[in-house]
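Colleague: I would like to learn how to read a structural model feature by feature, with the general idea given before each case. Could we go through one together?

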Amino acid sequence: MVPDSQKNMDRKKVVEWWVDKLLVNYPVKPVFEVVSFLQEAAEKIVDGALSLYEGKEADLSDAVDDVMRFLATDRNFGPGDSIRLFCDLRDFMADELNLRTEERLKFAKTFEEIIFTAFDAYMVCREKIFELRLKEKEANLEIMRKIMDYASRSLSSQD
Amino acid sequence: MEEMPEKIEIRQKFPSWREMLKPVKEFEEGRLSYISLPKQVDSEFFKMPFGDVERDFDDLKLPENWKEIFLDALKETLEKNRSFKLFMDICVRCGACADKCHYYIGTGDPKNMPVARAELLRSIYRRYFTPAGKLFGEWAGARELTEDVLKELYYYFNQCSLCRRCSLFCPYGIDTAEIVWWVRRILSRIGLNQRFMTISIEASSRTGNHLGLLPGGMYGAIQQGLEELKDYTGLDLHTYINKKGADVLFVAPSADYFATPHWYVMLGYLLLFNELEEKYGLTITWSTYASEGGNFGTFHSYEAAQLLNSKIYKEAERLGVSFIIGGECGHMWRDKHQFINTMNQPPKHEEWKKFWENPDLGELAEGLRGIRFDNYASGEHGWIHILEFVAALLEHKKITVDKSRNDKWIATYHDPCNVARGMGLIEEPRYVLRNVMNHFYDMPEHTIKDKTYCCGAGGGMLADELMDLRMRGVMPRMMAVRHVYRKYGVNILLTPCAIDKAQFPPALEYWKIPIEVGGPMEMVGNALVMTAFGEKPEDRQFDLRGEPLREEEGEEGE
């Protein structure tokens with residue numbers, strides 16, 4: 001059973017607060033495509049965190065991964081800073097929900113899963129960047145291989 | 001109605017202008033371009049001043065009098081280019097450009113705002129070339145030229161793709177891309193060149209194309225293309241290379257010879273050229289000398305740009321062609337539309353002059369009479385864009401197409417910056433796509449046409465060491481693609497630019513949008529019915545990727 005205090009949590013306020021935190025390094029807010037991408041992911045994470053607290057199932061891996069795609073390429077946030085943003089969200093939600101100490105501990109415990117998922121996602125994103133760099137190198141090698149292959153065939157066809 | 005806040009607070013998140021004058025000391029990996037090696041800038045074919053020294057960003061090994069050389073080069077640029085001088089003086093820092101730059105949108109770095117990027121140089125200009133700056137120093141927004149400032153210039157002026165989206169929104173029309181171009185040239189005077197672009201410039205100086213392909217490699221690639229087309233269409237096709245007396249010289253970006261998905265576009269070119277020759281007698285030749293439409297020199301310096309594009313008019317004259325068709329390349333069109341005729345003399349041979357006195361294709365092939373190049377967006381300097389050309393062929397009903405051959409594709413179109421903003425070719429590619437396929441959807445209006453978002457990898461930014469920057473720079477474009485992917489089920493992103501075709505596959509992968517990348521000429525090639533060869537619409541079984549055209553029917557049949 002969700003307490004009344006939770007029902008009254010201002011979801012919009014929480015989401016906006018967190019998106020602002022994600023964009024803290026921007027002196028001028030970026031275009032809405034970027035903001036709405038983060039907003040959509042933030043909404044899913046906030047809703048999912050509440051569901052987990054209520055004991056329901058929630059798969060947040062995709063939404064957390066979306067946020068991490070952004071943070072993992074933001075050179076102003078290190079890995080620790082990126083994870084801290086999730087801890088900040090946890091604390092802000094707990095405040096907004098007016099949770100007492102015991103409830104707060106329970107909420108933090110359920111939120112841990114999201115933080116672990118976030119850490120995994122951050123690592124995957126960084127690996128993806130290097131994987132893409134490697135793929136480009138491999139594609140260049142493939143082009144070189146084709147160049148040699150086609151050139152030798154064109155020479156042999158002229159013999 | 002929302003409640004009014006009790007107190008309105010204005011928070012300044014943007015650093016003050018005096019703060020902005022302090023050079024950054026930390027240069028992030030993923031955004032810092034590698035510096036050229038001697039083999040790229042001190043070769044027999046491409047020599048830059050002080051290019052014989054191997055440099056590291058921590059130790060620039062600058063020439064002793066670097067400051068004097070820098071300021072002399074800046075002075076010369078100011079004196080020779082009135083637009084540049086104007087851009088140094090006129091900015092009022094209104095900030096209209098700030099959130100229009102993809103690199104700012106992507107990185108959130110204040111110095112990536114076009115206004116701030118240009119200010120990095122303006123502050124030096126004020127210090128050394130204006131009375132106020134000389135007298136009042138930083139109070140007048142001026143700063144000394146130091147090695148730290150120099151590093152900052154290299155760092156930020158190599159975080160711009162020269163896409164010119166900012167200039168579209170500038171009330172004064174300040175072209176930050178032009179400022180970037182000149183700064184890169186000035187930096188090259190003291191030995192600071194960006195590695196990725198000089199690899200291609202050196203290769204193109206040496207062999208005629210960015211890939212460094214020798215004639216045999218190019219010949220072999222085109223031959224391979226014809227063999228693949230035989231498999232897909234059953235037709236015996238041919239093409240010309242270095243043919244003297246051909247009507248047209250065709251110049252493509254060299255990536256089309258080998259890279260994927262560029263390759264499918266090349267197959268499209270070959271089909272079209274065969275149909276036009278067989279049906280109308282129009283002969284089109286490739287050249288192993290002018291084997292590159294792109295020009296990385298246009299990202300680097302005037303001299304490099306001039307060196308690379310000089311070969312094409314020379315080759316047009318040597319082969320005696322009447323005009324040139326250019327393929328699917330982005331910056332090629334900035335170069336060919338805006339630079340080439342001021343850097344090199346157009347061909348002077350008889351066939352060229354005669355054709356351009358009355359540029360009606362009927363003068364070369366009677367069946368094509370009525371297609372005139374007088375008012376073409378791309379035709380100004382003897383060059384015709386392949387898509388503008390195809391649009392005309394479709395408009396005049398000179399080729400037959402079967403749209404249903406592209407029915408498995410639901411496409412959207414990305415306007416390359418230099419084609420849309422640089423040349424104004426906006427409706428023609430869309431006209432072509434609507435005529436060769438049934439499912440085409442544009443991305444939101446503010447992200448396309450002259451306002452198009454950048455791919456994040458042009459202007460020399462396709463370097464792998466800049467992958468972080470590229471993935472953030474492309475983010476706005478990717479979000480717009482994501483929108484049409486969700487709304488219409490788009491499954492292919494089409495773009496007539498070789499750099500886009502290289503940048504979008506990793507970008508789509510990173511931003512988790514599972515769609516393909518291709519070029520409009522691939523769709524034209526699929527839809528083109530080779531009537532001159534007796535082909536009927538239903539005859540074609542495979543698309544240019546070698547996949548069955550009618551997958552569902554085939555599966556049901558089984």
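Colleague: How many salt bridges does the structure hold over all chains?

Modeller: Please keep in mind throughout that this is a predicted model. As for the general idea, side chains of opposite charge can pair when their charged atoms come close. Over all chains, the structure holds 68 salt bridges.

Colleague: Which residue of chain A forms a salt bridge with B:Arg482?

Modeller: The partner of B:Arg482 is A:Glu40, and the closest N and O atoms of this salt bridge are 3.7 Å apart. Because B:Arg482 lies in helix α21 (residues 475-488) of chain B while A:Glu40 belongs to helix α3 (residues 32-53) of chain A, the pair joins two chains. B:Arg482 has a relative accessibility of 11% and therefore counts as buried, whereas A:Glu40, with a relative accessible area of 24%, is partly exposed.

Colleague: Where in chain B do the side chains of B:Asp175 and B:Arg334 lie, given that they meet in a salt bridge?

Modeller: The N to O distance in this salt bridge between B:Asp175 and B:Arg334 is 3.6 Å. The pair links distant parts of the chain, since B:Asp175 is in the loop between α9 (165-169) and α10 (176-189) of chain B and B:Arg334 is in helix α15 (residues 331-343) of chain B, 159 residues apart. B:Asp175 counts as buried at 7% relative accessibility, and B:Arg334 is buried with a relative accessible area of 11%.

A further case is the salt bridge in which the side chains of B:Lys408 and B:Asp543 meet, at 2.9 Å from N to O. This pair, too, links distant parts of the chain, with B:Lys408 in the loop between β6 (400-401) and β7 (411-413) of chain B and B:Asp543 in the loop between β10 (528-529) and α24 (551-557) of chain B, 135 residues apart. Here B:Lys408 is partly exposed, at a relative accessible area of 23%, while B:Asp543 is buried, with a value of 0%.

Colleague: Which residues are joined into one network by salt bridges that share partners?

Modeller: The network consists of A:Glu40, A:Lys44, A:Asp62, A:Asp65, A:Asp66, A:Arg69, B:Arg482, B:Arg486 and B:Lys512. One of its members, A:Arg69, also has its charged end over the ring of B:Tyr510, 5.2 Å from the ring centre. Within chain B, the charged end of B:Arg93 sits over the ring of B:Trp17, 4.2 Å from its centre.

Colleague: How many aromatic pairs are there over all chains, and how should I read one of them?

Modeller: The count comes to 37 aromatic pairs over all chains. One of them is B:Tyr125 with B:Phe129, which is stacked, with 6.2 Å from centre to centre and 15° between the planes. B:Tyr510 and B:Trp511 give an edge-to-face pair, at 5.1 Å from centre to centre and with 85° between the planes, and both B:Tyr510 and B:Trp511 are buried.

Colleague: Which residues form a nonpolar patch on the surface?

Modeller: The patch is formed by B:Leu135, B:Phe136 and B:Trp139, which together have about 450 Å² of accessible area. B:Leu135 lies in helix α7 (residues 131-136) of chain B, and this residue is exposed, with a relative accessible area of 67%.

Colleague: What do the overall dimensions say about chain A and chain B?

Modeller: The general idea is to set the radius of gyration of a chain beside the value that the globule rule gives for its number of residues. Chain A comes to 6 helices and 0 strands. Its radius of gyration is 23 Å, well over the 15 Å that the rule gives for 159 residues, so chain A is more spread out than a compact globule. Along its principal axes, the C-alpha trace of chain A spans about 85 × 35 × 25 Å.

Chain B has 24 helices and 10 strands. Its radius of gyration of 25 Å is close to the 24 Å that the rule gives for 558 residues, so chain B is as compact as a globular protein of that length. Of the 558 residues of chain B, 64% count as buried, and in chain A buried residues make up 46% of the 159 residues.

Technical notes:
Residues numbered from 1 in each chain as written. Chains lettered and ligands numbered in written order. Predicted model: local features only at pLDDT ≥ 70, side-chain atom pairs only at ≥ 80, totals over all residues. Heavy atoms only, no water. Patch = residues over 30% accessible without salt bridge, like charges linked within 9 Å, V, L, I, M, F, W, Y side chains within 5 Å. Areas by Shrake-Rupley, 256 points an atom, 1.4 Å probe, with all protein chains shown as cover. Salt bridge = Lys/Arg side-chain N within 4 Å of Asp/Glu carboxyl O. Helix = DSSP H or I, 4+ residues; strand = E, 2+ residues; numbered from the N terminus. Buried < 20%, exposed > 50% of the residue type's maximum accessible area, 1.4 Å probe, protein only. Phe/Tyr/Trp six-rings, centres within 6.5 Å; stacked < 30°, edge-to-face > 60°. Lys NZ or Arg CZ within 6 Å of the ring centre and 35° of its normal. Rg over C-alpha atoms; globule rule 2.2 N^0.38 Å.
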